[in-house]
Amino acid sequence: MHNDGASHGLIQWHGTTIIGVKKGGKTVIAGDGQVSMGNTVMKPNARKVRRIGEGGKVIAGFAGATADAFTLFERLERKLEQYRGQLMRAAVELAKDWRTDKYLRNLEALMIVADAETLLVLTGNGDVLEPEGGPQSQIAAIGSGGNYALAAARALDAYEDDAEQMARKAMQVAADICVFTNDRVTVETV
């Protein structure tokens, strides 16, 4: 059996595309619903984008192992409580823990998180990345179809003023190209 990218001796799960778009005073995170194992679609309607934190003021989407992502959601929520809803501070502190804690270091997930002011990508390498673009427009994407969605959103940026429509159109392009992405999109907005 051929297992490119296998993790811990198991077939690696694929099938996530998450995109974050900040434009026109609106921030959106959208994610597809497909979970695949090898060449098999295991679930077509997973919900990979959620509201977290007090009052649901933070939205987050994940790519990677689901259980690992939920662990990170919980940790980020605790950090948001600890730092009174300051997303940047909470994200930096989570990234420090993720990088240095023996247990967290083994988690295999990426996250895009956002509130009304900030859009960030969090990685297990301790990265807290703010996408390029400045205050007018920011775009970030992760997952197996992330590069397709990112390219589509960048191409749409000059023509589409609505962040949600831009994210939905970019997700459709990714779903048309990436076999690990479908068009069952969940969208959350702040």
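Visitor: Which class of residue has seven members in the lining of the second largest pocket?
Guide: Welcome, and note that this is a predicted model. By class, the lining of that pocket includes four polar and four charged residues. The class with seven members is nonpolar.

Visitor: How much space lies in the second largest pocket?
Guide: Its lining is made up of 15 residues, and Pro131, Glu132, Ile139, Ala140 and Arg154 lie nearest the centre. The space inside the second largest pocket is about 250 Å³.

Visitor: Which element gives the most to the lining of the second largest pocket?
Guide: Helix 3 (146–156) and strand 11 (137–143) each supply at least two residues of the lining. The top contribution is five residues, and it comes from strand 11.

Visitor: What is the nearest side chain of opposite charge to Lys22, and how far away is it?
Guide: Lys22 sits in strand 2 (residues 17–23). The side chain of Lys22 reaches the backbone oxygen of Glu117 at 2.3 Å. A salt bridge needs a side-chain nitrogen within 4 Å of a carboxyl oxygen. Lys22 is buried yet has no salt bridge, the nearest side chain of opposite charge being Glu130, at 5.8 Å.

Visitor: What separates Lys96 and Glu93 along helix 2?
Guide: These two form a salt bridge, with the closest N and O atoms 3.2 Å apart. Lys96 is partly exposed at 45% relative accessible area, whereas Glu93 counts as buried at 12%. Because they are three residues apart in helix 2 (residues 87–100), Lys96 and Glu93 are separated by about one helical turn.

Visitor: Which residues are linked with Arg168 in a network of salt bridges?
Guide: Arg168, partly exposed at 35% relative accessibility, meets Glu164 in a salt bridge of 3.0 Å, N to O. The two are four residues apart in helix 4 (residues 163–177), so about one helical turn separates them. The network links Arg168 with Lys26, Asp162 and Glu164.

Technical notes:
Residues are numbered from 1 along each chain as its sequence is written. This is a predicted model: local features need pLDDT of at least 70, side-chain atom pairs count only at pLDDT 80 or more; totals for chains, interfaces and linings use all residues. Side-chain values use heavy atoms; hydrogens and water are left out. On a 1 Å grid over the protein atoms alone, a cavity is a set of points where a 1.4 Å probe fits but cannot get out, and a pocket is an open set with protein on both sides within 12 Å along at least five of seven lines; lining residues have an atom within 4 Å of a point. Grid points are joined across faces, edges and corners, and a volume is the space filled by probe spheres set on the points. Ala, Val, Leu, Ile, Met, Phe, Trp, Tyr, Cys and Pro count as nonpolar, Asp, Glu, Lys and Arg as charged, and the others, Gly among them, as polar. Buried means under 20% relative accessible area, exposed over 50%, partly exposed in between (1.4 Å probe, protein chains only). Lys and Arg count as positive and Asp and Glu as negative; His and the chain ends are not counted. A polar contact is a pair of N or O atoms within 3.5 Å; within protein, one must be able to donate a hydrogen and the other to accept it, and residues adjacent in sequence count only if both atoms are side-chain atoms.
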